[in-house]
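Hi,

Here is the structure I promised to pass on. Please have a look at it first, and then read my notes below.

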Amino acid sequence: QVAAQYPAIAELINHIATEHKFPFPKVGIIPDNNPTAFSYGSGRFNSRVVLTQGIFHFLSPEEVNAVVAHEMGHIVN
């Protein structure tokens with residue numbers, strides 16, 4: 001789903017996951033205009049990144065990348 005809707009985000013997530021040797025996390029998109037992002041999971045093996053549609057509406061592509069990279073940083077560490 002994410003790869004089809006947001007290929008640049010899927011590519012960024014894949015790059016980080018591959019570089020740090022863990023599976024591509026599940027990604028959820030919440031249909032809400034409030035710009036919010038979070039990650040969760042007890043480890044890299046079951047991690048998730050969740051973004052709202054508001055992230056894509058209110059932020060520039062560079063800012064979206066920064067937000068996603070930040071959330072992936074939580075999973076890496």
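**What I found**

Let me begin with Lys 21, which sits in the loop joining helix 2 to strand 1 (26-30). Please keep in mind that this is a predicted model. Lys 21 has a relative accessibility of 76%, so it counts as exposed, the cut-off being over 50%.

Arg 44 and Lys 21 are separated by 23 residues in sequence, and their C-alpha atoms lie 9.3 Å apart in space. Arg 44 belongs to the loop between strand 2 and strand 3 (48-52). With a relative accessible area of 31%, Arg 44 is partly exposed.

Strand 2 (residues 37-40) itself includes Tyr 40. Tyr 40 has a relative accessible area of 46%, which makes it partly exposed. Together with Ile 30 and Phe 38, Tyr 40 forms a nonpolar patch on the surface, and the three have about 270 Å² of accessible area together.

Now to the helices. How do helix 2 and helix 4 run relative to each other? The axes of helix 2 (residues 7-19) and helix 4 (residues 61-76) come within 10 Å and cross at roughly 30°. Angles under 35 degrees count as roughly parallel, and the two helices are therefore roughly parallel to each other. As for handedness, the crossing in which helix 2 passes helix 4 is right-handed.

Best wishes

Technical notes. Residues are numbered from 1 along each chain as its sequence is written. This is a predicted model: local features need pLDDT of at least 70, side-chain atom pairs count only at pLDDT 80 or more; totals for chains, interfaces and linings use all residues. Side-chain values use heavy atoms; hydrogens and water are left out. Patches are made of residues with over 30% relative accessible area and no salt bridge: like charges are joined within 9 Å, nonpolar side chains (Val, Leu, Ile, Met, Phe, Trp, Tyr) within 5 Å. Accessible areas come from the Shrake-Rupley method with a 1.4 Å probe; for residues, only the protein chains shown count as cover. A salt bridge is a side-chain nitrogen of Lys or Arg within 4 Å of a carboxyl oxygen of Asp or Glu. Helices (H or I, at least four residues) and strands (E, at least two) are DSSP runs, numbered from the N terminus. Buried means under 20% relative accessible area, exposed over 50%, partly exposed in between (1.4 Å probe, protein chains only). Axes are lines fitted to C-alpha atoms, for helices over the stretch in contact, and angles run from 0 to 180 degrees between N-to-C directions. Angles under 35 degrees count as roughly parallel, over 145 as roughly antiparallel, 65 to 115 as roughly perpendicular and the rest as oblique. A crossing is left-handed if the near helix is turned anticlockwise from the far one by less than a right angle, and right-handed if clockwise.
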